[in-house]
Amino acid sequence: MVKLVIDVRERKGTHSPTTITDRFAQNNIAVERQTLVMGDFIFIDDSEWVLGVVIERKTVNNLCCSIDDGHFDEQRFRLRHSGLSRIFYIIEGWLKEVRLLSAIATL
């Protein structure tokens with residue numbers, strides 16, 4: 001059985017954890033909340049093995065802030081070197097600034 005794990009710090013945005021939980025439950029996929037070391041969402045199997053997928057969700061405002069304070073580069077480095085084969089980013093909002101488009105292009 002596959003389970004979606006959502007980081008406990010994941011709270012706001014268009015696709016809130018409650019909405020995500022409901023959508024996965026409709027498809028008979030269990031959802032659990034834990035403190036994750038990296039990413040906002042991961043999938044695990046019955047033996048608690050991570051299934052090679054990590055999802056990082058950011059609002060445009062959060063992306064701007066994390067670029068400004070250097071967290072974006074550090075986080076991107078950790079995800080790239082995590083050993084996980086599929087890294088996805090969900091960006092919520094309109095990417096109007098060139099620096100945001102450039103940051104997304106580097107992913």
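**Figure 1. Surface of the predicted model.** The chain has an accessible surface of about 6,800 Å² (Shrake-Rupley method, 1.4 Å probe). Carbon and sulfur atoms hold 56% of this surface. This is a predicted model: local features need pLDDT of at least 70, side-chain atom pairs count only at pLDDT 80 or more, and totals for chains, interfaces and linings use all residues. Residues are numbered from 1 along each chain as its sequence is written, and side-chain values use heavy atoms, leaving out hydrogens and water.

**Figure 2. The fold.** The chain has 4 helices and 5 strands. Both are DSSP runs: helices (H or I) of at least four residues, strands (E) of at least two, numbered from the N terminus. Along the sequence the pattern reads β-α-β-β-β-α-α-β-α. Along the principal axes, the C-alpha atoms fill a box of roughly 40 × 30 × 20 Å.

**Figure 3. The interior.** Of the 107 residues, 32% count as buried. Buried means under 20% relative accessible area, exposed over 50%, and partly exposed in between (1.4 Å probe, protein chains only).

**Figure 4. The aromatic pair.** The structure holds 1 aromatic pair. Phenylalanine 24 and phenylalanine 43 form this tilted pair, 5.9 Å centre to centre with 55 degrees between the planes. Rings of Phe, Tyr and Trp (its six-membered ring) pair if their centres lie within 6.5 Å; planes under 30 degrees apart count as stacked, over 60 as edge-to-face and the rest as tilted. Phenylalanine 24 lies in helix H1 (residues 17–26) and phenylalanine 43 in strand S3 (residues 41–44), so the pair ties together parts 19 residues apart in sequence. Phenylalanine 24 is partly exposed, at 23% relative accessible area. Phenylalanine 43 is buried, at 16%.
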